Every structure is written in structure tokens, then in C-alpha cells.
Amino acid sequence: MKAMMLTGLRSLELREAPPPELAAPTDILLKLAVVGVCGSDIHYYTTGKIGSQVVSYPFVVGHECAGIVERVGPAVRRLKPGDRVAVEPAISCGQCDQCRGGRPHTCRALKFLGCPGQAPGCLAEYLVMPEQCCYPLLPALTLEQAALLEPLAIGFYSVRRGGSIKGARIAILGAGPIGLSVLVCARARGAQTIYVSDRIEARVAVARNAGADWAGNPDQVDIVKEISAREPLLLDQVFECCGQQAALDQAIDLLKPGGKLVMVGIPEVERVSFIIDRARRKELDVLNVRRQCECTAPALALLERGVLKADFMITHRFPFDRTKEAFDLVADYRDGVVKALINFLGTTRNH
Ligand SMILES: [Zn+2]
Ligand SMILES: [Zn+2]
């Protein structure tokens, strides 16, 4: 089969690779249909690592995907060849303390697609996944929508981490695909007022169209001043979705006493800091988000019912052999890109 391999910094090559085999009786062989390009793929593409996770070349990245069942193992019951599925990219062991404690996303033996040292990614023609990671799609859902499920599940989980959202006044700092996923999930779950910031003008506009009550660019306006003028009691929750120190500082200033800072973004630096005097006096909760935990099914249910609308995030489509163009576009934040999709079935059809 053909696989798109990272072969160095900013280097992607289409190479021949052995097709994956069904190993366990519950395994499913999928033919990939759509893969979303994620910010974390771009970290590996431009820097070769995320924190301690370092790529050894060649390596296949990609984890946001939807596909069509090609073959199933003898113990597979729910799926058959031809079925369309969304893929949960985290394969957990089910045995360790984390899995048994209801935290499969921090499984000690986690295999996450496209994560160095764990599992190769899905930017290839075929992929084998266990049945429990494959979610069948209702006919109304397209494979492109299904490929948005992973970031949407992270948005759903982030909102769940933040606690009581009904009637809450919140800010989302960073309006990339994850920030926008938090936005649509927070809205669907009953947030009252949502403020959004991003340094890219096109994303500010996208956030406004997607239902933000206010959206602004921190390079042009003082975010803290603007939002606190509208919210004198300040905010219940701030979702930091860009991994920037400046956004963390804004979050501390925007939160009301007892507020929650939900850290979703992946910083490129090793350390971040807070003005502890402010965080401490307000007794803020600081919550880290590690991808998502058991939010794929509820996010999919909301997507199927049309409660979550996410199509607006898809700004670009590329065929498989032009994956590098998609990565360069996303890496350089060009052309108003939010979510670029690799569509194996052809970029003019919306399956
Ligand atoms: Zn992702
Ligand atoms: Zn485990």
C-alpha cells in the first residue's frame, strides 16, 4: 500500500509500505477515506517532536480519520465490510490502573495513532484498528464529518472538564479547530455568553459566524480590557486553546474568583508560568486536558442529531498525493485555513 511518510523536518514522501494485517480476532481492516490534518501532526512535521515524544524517521502521522470497512476478524460482531466508520485513534489496554480507573486516555500502554513510539498514523491507504475504536456512521453523516469527530470529542471533553457550563460566561483563547470545537460544544451544552480571541483575523471572523457573542484579535485590542468591560464580574471558565503564554496570562486576569482555567492548547515551549499572586487570591482551578476521555460516543450522538454543526471548519480539501501541500498550508496558517482534509475518495465529492 501507499503511505505518506515523514522523512525529515518539513519532508513528506509517498512511499510503498507493507499493508497492515489483522492480528487480533476483533481487528478490523479499514480503507481510509478522509484524514484531517491536526495541529499535533504539524508539530511533528515542523519540529520533529512534541515535548518528549520524538519522531524517528520514516514515520507515518495522522489520527483524525474515517474509513470504510474492508475486512473483519472472526470475533467482530457490530461491523461488516462496506460499513462506514469514524475512528477513535486511542487504543487502550483495558487492564492497567488507568484503564480500570476510568481513564483509558492516560492508559499506561496507550497506542495512539501517529504518535511516535506508539502506533503509526492513518495517512496510508489501509489501517487496522480494534472494533472498539470503530464507530459506525448513520447514513446522514458524511465521512468528512466523521473525520472531524476526534477534535470535536476533545472540545466536548474540555467542556466537561470545565464543569457546570449551563448559563456560564466563558472565553476561548485560540480559534483553531480545537478552540472552535470547544465553541460549538459549549454552545450545545448551554453556555450563556462566549468570548473568543485569535491572532488570525480570518479565524476571528469564523468564530463570530460560528456563534461567538464577541470575538477579537489580541494584537489589535486589549482582550482583558474589552471582555472585562462587558463582564464586570469576570468569567466562570476560560479555555486556553492556543498554547501561548500571553493567553495564559489573559486567562488568569479574565477569570472570576473560583473560576476554572482549562488548558487545552499544546505549548511549544517546555515551561509556562502564572502570576501566582493573582491565581492564588482568586483561588482558580487549573485543569489540564489530555485529548479526551470517553467523549467520542456523546460527541458523535450530537453530530448525528445535528446539534453540533462543524462543517464550517472544513476550509480545504486535498487528494492523498498532495498531503504535503495541506501540511504546508496548515503549518503556515495560510489562506484562512481552519481544517484541511485529505480526501482519498476525491476532493470534489462530499461523501
Ligand atoms: Zn487531532
Ligand atoms: Zn491501560
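## The cavity

Ala, Val, Leu, Ile, Met, Phe, Trp, Tyr, Cys and Pro are counted here as nonpolar, Asp, Glu, Lys and Arg as charged, and the others, Gly among them, as polar. On that basis the lining of the largest cavity divides into 3 nonpolar, 2 polar and 3 charged residues. The structure is a predicted model.

The residues in question are Glu-88, Pro-89, Ala-90, His-105, Phe-112, Glu-150, Arg-291 and Gln-292. They line a space of about 40 Å³, and the count of cavities of 30 Å³ or more comes to 1. Two of the lining residues, Phe-112 and Arg-291, are also in contact through a charge and a ring: the charged end of Arg-291 sits over the ring of Phe-112, at 3.5 Å from the ring centre.

## The second largest pocket

The second largest pocket holds about 320 Å³ of space. It has 20 lining residues, and those closest to its centre are Met-1, Pro-20, Pro-120, Gly-121 and Leu-127. By class, the lining divides into 16 nonpolar, 2 polar and 2 charged residues.

Two strands, β1 (2-8) and β10 (126-130), each supply at least two residues of this lining. Of the elements that contribute, β10 gives the most, with 4 residues.

## Aromatic pairs

How many aromatic pairs does the model contain? The count comes to 3. One of them joins Tyr-45 and Phe-327, whose ring centres are 5.2 Å apart; their planes stand at 80 degrees, over the 60 degrees required, so the pair is edge-to-face. Tyr-45 belongs to helix α1 (residues 39-47) and Phe-327 to helix α11 (residues 323-331), so the contact ties together parts that are 282 residues apart in sequence. Both Tyr-45 and Phe-327 are buried.

Another aromatic pair, Phe-320 with Phe-344, is stacked, with 4.4 Å from centre to centre and 25 degrees between the planes. This pair links distant parts of the chain, 24 residues apart: Phe-320 is in the loop between β18 (314-318) and α11, while Phe-344 is in the segment after β19 (339-343). Phe-320 has a relative accessible area of 11%, and because buried means under 20%, Phe-320 counts as buried.

## Side chains that reach the backbone

Asp-222 is located in the loop between β14 (214-216) and α7 (223-230). A polar atom of the Asp-222 side chain lies 3.1 Å from the backbone nitrogen of Lys-225. Is Asp-222 buried, exposed or partly exposed? Its relative accessibility is 44%, between the limits of 20% and 50%, so Asp-222 counts as partly exposed. Between Asp-222 and Gln-250 the C-alpha to C-alpha distance is 9.5 Å, and the two residues are 28 apart in sequence.

Gln-145 is part of helix α3 (residues 143-147). The Gln-145 side chain reaches the backbone nitrogen of Thr-142 at 2.8 Å. With a relative accessibility of 15%, which is under the 20% limit, Gln-145 counts as buried. Asp-222 is thus a partly exposed residue with a side chain placed by the backbone nitrogen of Lys-225, and Gln-145 is a buried one with a side chain that reaches the backbone nitrogen of Thr-142.

Definitions and conventions
Residues are numbered from 1 along each chain as its sequence is written. Chains are lettered from A and ligands numbered from 1 in the order in which they are written. This is a predicted model: local features need pLDDT of at least 70, side-chain atom pairs count only at pLDDT 80 or more; totals for chains, interfaces and linings use all residues. Side-chain values use heavy atoms; hydrogens and water are left out. Buried means under 20% relative accessible area, exposed over 50%, partly exposed in between (1.4 Å probe, protein chains only). A polar contact is a pair of N or O atoms within 3.5 Å; within protein, one must be able to donate a hydrogen and the other to accept it, and residues adjacent in sequence count only if both atoms are side-chain atoms. Rings of Phe, Tyr and Trp (its six-membered ring) pair if their centres lie within 6.5 Å; planes under 30 degrees apart count as stacked, over 60 as edge-to-face and the rest as tilted. A charge sits over a ring if NZ of Lys or CZ of Arg is within 6 Å of the ring centre and within 35 degrees of the ring normal. On a 1 Å grid over the protein atoms alone, a cavity is a set of points where a 1.4 Å probe fits but cannot get out, and a pocket is an open set with protein on both sides within 12 Å along at least five of seven lines; lining residues have an atom within 4 Å of a point. Grid points are joined across faces, edges and corners, and a volume is the space filled by probe spheres set on the points.
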